[in-house]
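Here is a friendly walk through one protein model. Take a look at the sequence and the structure, and then we can go through some features together.

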Amino acid sequence: MSPHILILGGTTEARELAAALASRPGWRVTTSLAGRVNRPGAVAGEVRIGGFGGVEGLADWLREEQVDALVDATHPFARAITAHAARAAAATGVPSVVLRRPGWRPGPGDRWHPVDSLDEAARLLPGLGRRVFLTTGRMELAAFAHLTALHFVVRSVELPEPPLPPHTEVLLARGPFTVADESALLQEHRIDVLVTKDSGAAATSAKLTAARELALPVVVVRRPALPDGVTAVPDVAGVQRWLDLTPR
């Protein structure tokens with residue numbers, strides 16, 4: 001019987017994995033997207049849009065669609081869906097794996113300030129600078145809305161969700177970005193501090209190099225921990241090896 005693989009997607013790695021698995025003869029591949037981006041990139045195989053309705057809804061879907069393996073390839077900060085996926089897989093006995101690209105690591109010359117949340121990042125900012133380049137995504141920016149004395153430049157793929165700080169410029173753009181582009185942006189907007197999440201994505205890492213070259217402080221929000229007991233691999237090849245070794 002042909003295996004059915006469910007990919008919880010939304011990342012570059014998820015699209016790459018879907019393409020690799022869909023090319024296997026007889027394999028059924030379904031990628032689930034949360035629907036938070038209006039124009040997602042093309043995805044190979046079947047695509048479903050929207051949530052499952054929590055742990056029970058996902059478990060029901062795994063049973064009804066006879067899923068043989070679940071791959072969580074969501075963003076490293078998608079804490080809720082990762083927790084739900086682990087619990088649903090355990091409840092149904094469906095083998096599961098988490099695909100997480102490696103996080104960023106500071107190098108010589110970096111002025112990083114690691115924090116555990118956006119709220120903690122907001123508390124640090126007044127002591128680090130007055131013009132902030134904010135690249136933490138379009139959601140949860142309410143953590144910075146009370147910082148009325150600071151000027152923010154917010155970059156996002158789509159318009160950010162309010163509330164926003166009162167002094168905010170929005171730049172709509174999608175990576176990858178070059179170091180030269182990021183350096184020019186930081187200088188044009190007279191940025192003196194960068195805030196970002198540790199997504200680990202190569203497409204958005206150039207800003208870290210640019211900040212290092214300009215000697216700017218960088219507030220880096222650490223990733224949430226993975227649920228206990230989950231299997232994690234760092235790349236698409238690792239998922240394929242895991243699938244080939246996992247009984248179904």
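Which residues lie nearest the centre of the second largest pocket?

## The second largest pocket

Phe 77, Arg 79, Asp 116, Ser 117 and Glu 140 lie nearest the centre, out of 15 residues that line this pocket. A pocket here is an open set of points on a 1 Å grid over the protein atoms alone, where a 1.4 Å probe fits and protein lies on both sides within 12 Å along at least five of seven lines; lining residues have an atom within 4 Å of a point. The volume is about 280 Å³, taken as the space filled by probe spheres set on the points, which are joined across faces, edges and corners.

Two helices, H3 (79-92) and H4 (118-124), each give at least two residues to the lining. Sorted by class, the lining holds seven nonpolar, one polar and seven charged residues. Ala, Val, Leu, Ile, Met, Phe, Trp, Tyr, Cys and Pro count as nonpolar, Asp, Glu, Lys and Arg as charged, and the others, Gly among them, as polar.

## About the model

This is a predicted model, in which local features need pLDDT of at least 70 and side-chain atom pairs count only at pLDDT 80 or more, while totals for chains, interfaces and linings use all residues. Residues are numbered from 1 along each chain as its sequence is written, and side-chain values use heavy atoms, with hydrogens and water left out.

## The open sheet

Six strands make up an open sheet with parallel pairing, in the order E6-E11-E10-E7-E8-E9. At its edges are E6 (111-115) and E9, each of which pairs on one side only. From one strand to the next, the twist averages 20°. Helices (H or I, at least four residues) and strands (E, at least two) are DSSP runs numbered from the N terminus, and two strands pair if DSSP finds at least two bridges between them.

Within the sheet, four bridges connect E7 (residues 131-135) with E8 (residues 151-156), and Arg 131 stands opposite His 151 in E8.

## Two residues to look up

Pro 176 sits in the loop between strand E9 (168-172) and helix H5 (179-188). Pro 176 counts as exposed because its relative accessibility is 66%; the cut-offs are under 20% for buried, over 50% for exposed and in between for partly exposed (1.4 Å probe, protein chains only).

Ala 237 belongs to helix H7 (residues 236-245). With 36% relative accessibility, Ala 237 is partly exposed. Its C-alpha is 12 Å from that of Arg 101, 136 residues away along the chain.

Technical notes
Axes fitted to C-alpha atoms, helices over the stretch in contact; angles between N-to-C directions.
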